[in-house]
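Here is a short briefing on one protein chain. Read it with the sequence and the coordinates open.

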Amino acid sequence: MNKLAIETHHLRKEYGLKVAVDDLTLQVPCGEVFGFLGPNGAGKSTTLKMLVGLVRPTHGEVKILDESPRNYRNRAKIGFLPEHFRFHEWLTAHEFLHVHGKLYGLSKQQLHKRIPELLEQVNLADATHTSLGNFSKGMLQRVGLAQAMLNKPEIIFLDEPTSGLDPLGTRLVRDIISNLKAEGTTVFLNSHLLSEVSVTCDRVAFIKKGVVIHTNTMEKLLSQTMALSLRVDAISQNLHEALKSLDSHVQLNGTKILLTVKDDDQVAHVAQMVHEHGAKLYELTPRHQSLEEIFVSIISTDGEDRT
């Protein structure tokens, strides 16, 4: 197995009687783009804060690049864009990055080269000497992304990096993540924009009520289930019950049926079921589920699946 960029064991965070994160165990290899998904209040941002050393876990262990995230030298290898940020509005974009660069210990020569490169990369070269107080939300998001990449981190944590961005800005972030991966940088991504997660991430974990309930590669996740749409002449109670044996959440709308199956064999089995229960099959359309549909299915399931 590749060297691990992130490793947690039985991580737990309590705020009084409230458990924000419970028994979180993760392993993220170096160079992977890892998506961390869950509904609001699931514990994603709290987890991120523990991973970057801003919050101490109540129990458990965190290692980032085989060291504690609170290790001063190790922090120089980390980049972080938080979801909620407040930048110094009186600073220009160049001044803002210069301040953060000095905090990272970068030399004047390094900053002279690095700052223009990053502002060009996030499409803010024309706003180099504009104060952040005059930036739009999307511009602030992009300059925040620039500061997260300033030190050429080995691992970068992005908490909702596309928040406030228009489609062009969202595409820009996707391209930047792709470039980071090509350079061998590990990316830990928390995003509600599931269409972007599906095309950028190698692997994802789903968290619900502070517990990781499912982890899988994006390739397997998108290929292991199919949404199946059928149109028949009539739906009997017996046919409905038979289809529920394949998918307990089968949906009926007049003579249309929508259910989820695991593979091509089950597609053929559904067609056979319709025939055996005396219904005429007029239409059968299989398609792979989107990440949004998979997300809803996993998060809405009562039981826990820690695969």
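Strand β7 is mostly covered: five of its five residues are buried. The model is predicted.

- β3 and β7 run parallel and are joined by three bridges. Within this pairing, V33 stands opposite V187 in β7.
- β6 also pairs with β7 in the parallel sense, over five bridges. Here I155 has T186 in β7 as its bridge partner.
- Strands of a sheet pair through backbone hydrogen bonds, either parallel or antiparallel.

**Aromatic rings**

- How many aromatic pairs does a search of the whole structure find? The search finds five.
- The ring centres of F36 and F188 are 5.3 Å apart and the planes stand at 45°, so this pair counts as tilted.
- That pair links distant parts of the chain, with F36 in strand β3 (residues 33–37) and F188 in strand β7 (residues 186–190). The two residues are 152 residues apart.
- F36 and F188 are both buried.
- F157 and F188 have ring centres 5.6 Å apart and planes at 45°, so this pair is tilted.
- F157 sits in strand β6 (residues 155–159) and F188 in β7, 31 residues apart, and the pair again links distant parts of the chain.
- F157 and F188 are both buried.
- One aromatic cluster is formed by F34, F36, F157 and F188.
- Elsewhere, a charge meets a ring: the charged end of K13 sits over the ring of Y15, 5.1 Å from its centre.

- Is E196 buried or exposed? Its relative accessibility is 11%, so E196 counts as buried; the cut-off for buried is under 20%.
- E196 lies in helix α7 (residues 194–200). Leaving aside neighbours within four places in sequence, E196 is in contact with T170 and R174.
- N216 belongs to strand β9 (residues 211–217). N216 has 14% relative accessibility and therefore counts as buried.
- Not counting residues up to four places away in sequence, N216 touches R203, V204, L221 and Q224.
- N216 and F206 are 10 residues apart in sequence, and their C-alpha atoms are 9.1 Å apart in space.

**The open four-stranded sheet**

- Four strands make an open sheet in the order β11-β12-β10-β13, with antiparallel pairing.
- Why is one side of β11 and of β13 left without a neighbour in the sheet? β11 (251–253) and β13 (281–288) stand at the edges, and each has a single partner strand.
- On average, neighbouring strands of this sheet are turned by 20° against each other, direction ignored.
- Strand β10 (residues 226–232) and strand β12 (residues 256–261) run antiparallel, joined by six bridges.
- L230 has I257 in β12 as its bridge partner.

Technical notes. Residues are numbered from 1 along each chain as its sequence is written. This is a predicted model: local features need pLDDT of at least 70, side-chain atom pairs count only at pLDDT 80 or more; totals for chains, interfaces and linings use all residues. Side-chain values use heavy atoms; hydrogens and water are left out. Two strands pair if DSSP finds at least two bridges between them. Axes are lines fitted to C-alpha atoms, for helices over the stretch in contact, and angles run from 0 to 180 degrees between N-to-C directions. Rings of Phe, Tyr and Trp (its six-membered ring) pair if their centres lie within 6.5 Å; planes under 30 degrees apart count as stacked, over 60 as edge-to-face and the rest as tilted. Buried means under 20% relative accessible area, exposed over 50%, partly exposed in between (1.4 Å probe, protein chains only). A charge sits over a ring if NZ of Lys or CZ of Arg is within 6 Å of the ring centre and within 35 degrees of the ring normal. Contact means heavy atoms within 4.5 Å.
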